[in-house]
Amino acid sequence: EMSIGLGASALSSITGTGGPLLLFPMWMLWEPQVEMKKLVGISVPFSATMATVSGISALTFGCVDMGLALPMMLLSTGCGLGGGALMERMGDSSLRLGIGVLLVLIGVVLAARTVAEMI
């Protein structure tokens with residue numbers, strides 16, 4: 001499990017894609033029967049750590065647009081709390097399907113953008 005986390009965090013840092021985008025598929029390939037609540041529970045501190053380090057780095061070495069950052073922080077907090085409440089109501093198979101569909105949609109959008117830029 002540690003190797004999955006280390007690999008996903010390294011790839012997320014290098015590519016700038018964010019934790020769960022790589023962590024979920026990697027973990028689900030490694031352990032197909034993983035409970036989605038466990039996976040989401042692991043990804044929250046994973047993402048929070050990456051966001052905190054990124055925020056500190058931006059404040060230290062760059063310029064942060066606080067007019068944009070503060071509303072995003074509030075929206076992210078609200079969505080996290082709402083998502084947690086929704087996750088508690090959903091069954092594991094519904095949660096797995098929802099996350100899978102979301103990841104596929106993200107992949108399709110990223111692939112379409114890349115192809116469009118290449119043309």
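**Figure 1. What lines the second largest pocket, by residue class.** In this predicted model, the lining of the second largest pocket splits into eight nonpolar residues, four polar ones and no charged ones. The pocket holds a volume of about 480 Å³. Its lining draws two or more residues from each of α3 (36-61) and α4. Helix α4 gives the largest share, with nine residues. Going through the lining by name, you'll meet G55, L59, V64, M66, A69, L70, M72, M73, S76, T77, C79 and G80.

**Figure 2. A nonpolar patch on the surface.** Here we've zoomed in on L59, M66, L70, M73 and L74, which make up a nonpolar surface patch. Taken together, these residues have about 520 Å² of accessible area. Which helix supplies the largest share of the patch? That's helix α4 (residues 66-89), with four residues.

**Figure 3. A closer look at M66.** M66 sits in helix α4. Is M66 buried, partly exposed or exposed? Its relative accessibility is 43%, so M66 counts as partly exposed, given that this class runs between the 20% and 50% cut-offs.

Figure 4. The chain's secondary structure is five helices and zero strands. Follow the sequence along and the pattern reads α-α-α-α-α. Of the 119 residues in the chain, 15% are buried.

Terms used
Residues numbered from 1 in each chain as written. Predicted model: local features only at pLDDT ≥ 70, side-chain atom pairs only at ≥ 80, totals over all residues. Heavy atoms only, no water. Patch = residues over 30% accessible without salt bridge, like charges linked within 9 Å, V, L, I, M, F, W, Y side chains within 5 Å. Areas by Shrake-Rupley, 256 points an atom, 1.4 Å probe, with all protein chains shown as cover. Salt bridge = Lys/Arg side-chain N within 4 Å of Asp/Glu carboxyl O. Buried < 20%, exposed > 50% of the residue type's maximum accessible area, 1.4 Å probe, protein only. 1 Å grid on protein atoms, 1.4 Å probe; cavity = no way out; pocket = protein on both sides within 12 Å on 5 of 7 lines; lining within 4 Å. Points joined across faces, edges and corners; volume = space filled by probe spheres on them. Nonpolar A, V, L, I, M, F, W, Y, C, P; charged D, E, K, R; others polar.
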